[in-house]
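Mentor: Let us work through this model by question and answer. Keep it open beside you.

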Amino acid sequence: MQKNVSYQQLTRTFQRLSRFSHLSAIASWDMFTMMPAGGSTARGEALAELSVLQHQILTDAKVADWLRNAESEDLNDVEQANLREMTRHYQQAAVLPESLVEAKSLAGSKCEHAWRTQRPANDWPGFAANLKEVVKLTREEARLRANAKGCTPYDALLDIFEPDMTSARLDVLFGDLKSWLPDLLNQVVEKQAQQSFVPPQGPFPTAIQRELGLEAMKTLGFDFNAGRLDVSAHPFCGGVPEDVRITTRYDEEELLSALFGVIHETGHARYEQNLPRNWLGQPIALARSTAIHESQSLFFEMQLGRSKAFLNHLLPAVRERFGSQAAFTPENFVAWNQRVKPGYIRVDADEVSYPAHVVLRYEIERALINGDIEVEDIPALWDEKMQAWLGLSTKDNYRNGCMQDIHWTDGGFGYFPSYTLGAMYAAQLFAAAKKALPDLDAAIAVGDFSALFDWLRQNIWQHGSRFTTAQLIEQATGEDLNSRYFRDHLTSRYL
């Protein structure tokens, strides 16, 4: 007689769902990178159809029965963890009607596609009209989820991206940040005002920037047999663990934004490429959460990528492609890459001012989803918070203000906190890695990342979703999330 019959039925069902997710991920990547504009409506409809099909499979009454029966089957630790994740996925889907899943997918595709031309045109009225529909549907989703979970609408969305995180806990973490970050930011800006920086002189041809990005990816261990680099309006990491697609965007007058965009996305990609292969197709093989995902990209981009040791290792490759110039002395190259200059654009922000961009978005999206503000209120609030945090006004500058990100276009409300949580986790993980690997700086300086990546593989990558976020971090670092490491990191690097 077959053992664990219900659990085996579930693994087959989730394997099937995983294959549909694979198709959806690659079709979405294509939509953002390759698809001609005329294909937008048909692709949006095809993706919506796929999301409805996945929803039907996952919410079938048989799945609920199997989940209930599997609870009393003889499962090992890994199978129990997989069942926990299966249950979470089922519960998240079961509260939503099929019609809402389809409507939200269609509205998101329409809003995102139009955003690509509306943003450069600074067309807030056009964008707002589409965004209102996305917000209406997302509020309905949040209401249904909140009723099922017994929490606020925003917390119900937050839980999708960051299981067990609440806005009450975020308010404590971000409240602590607000108590010291503005002062630290001012001190760093004042200190750097006394220094002179030589900016790199362009132009920097796109083809050569791409070569440099590919070399950085190779140095950082990206597997080109299972992934590729392309161009999109907004950098992202997509695809599936066996075929990871990362993108960047190029500016021929600016060298570093594309390069560090690539390094950031390579952090995401290495995590995906090293998820547990023997569990592939099961929820337990997925990345733990968006904050853990962002911790990997920020580990690569900020902890490692902006370190003096790494920058000195990278410099010869930069000189080889763009020649020797005053900006490319070791002292200036490090100083230029560690300069702190509050700006409008989140993805180009330095790591000291970056949390300001995140807290601002968190406060606005939480108020929006909880019904305290409307879409029309966003630009004025954005301007007010940018002035308070960074001393910059975005009045009438929508393209560099509230229209700059892709996340809200398809209803990704609840994602933004992951970036600053990720920065905190990254600092804590890097501190633990340095403790475990006393010669780390020397190894980085000569381009030997093997011990560091082995440490990440052992402590984060190989576990997928086997443990909760708190368990994963505690096992890797000896304690739960502690923002002190982030503060210590910023203070030691910049002051």
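Mentor: A cavity is a set of points on a 1 Å grid over the protein atoms alone where a 1.4 Å probe fits but cannot get out; its lining residues have an atom within 4 Å of a point. The model is predicted, so local features need pLDDT of at least 70 and side-chain atom pairs pLDDT 80 or more, while totals for chains, interfaces and linings use all residues. Numbering runs from 1 along each chain, and side-chain values use heavy atoms, without hydrogens or water.

Trainee: Which element gives the largest share of the lining of the largest cavity?

Mentor: There are three cavities of 30 Å³ or more. Helices H11 (290-304), H14 (354-369) and H16 each give two or more residues, but the largest share, four residues, comes from H16.

Trainee: And which element gives the largest share of the lining of the second largest pocket?

Mentor: A pocket is an open set of points with protein on both sides within 12 Å along at least five of seven lines. This one holds about 310 Å³. Of its 16 lining residues, those closest to the centre include Phe430, His489 and Arg493. Helix H12 (308-322), H16 and H20 (484-494) each give two or more residues; the largest share, six, comes from H20.

Trainee: Which tryptophan does Phe413 touch, leaving out residues up to four places away in sequence?

Mentor: Contact means heavy atoms within 4.5 Å. Phe413 touches Leu131, Val134, Phe161 and Ile369, among others.

Trainee: What is the bridge partner of Val231 in S3?

Mentor: Strands are DSSP runs of E, at least two residues; helices are runs of H or I, at least four. Two strands pair if DSSP finds at least two bridges between them. The open sheet runs S1-S3-S2 with mixed pairing, and S1 pairs with S3 (residues 243-248) in the parallel sense over five bridges. The partner of Val231 is Thr248.

Note on methods: Grid points are joined across faces, edges and corners, and a volume is the space filled by probe spheres set on the points.
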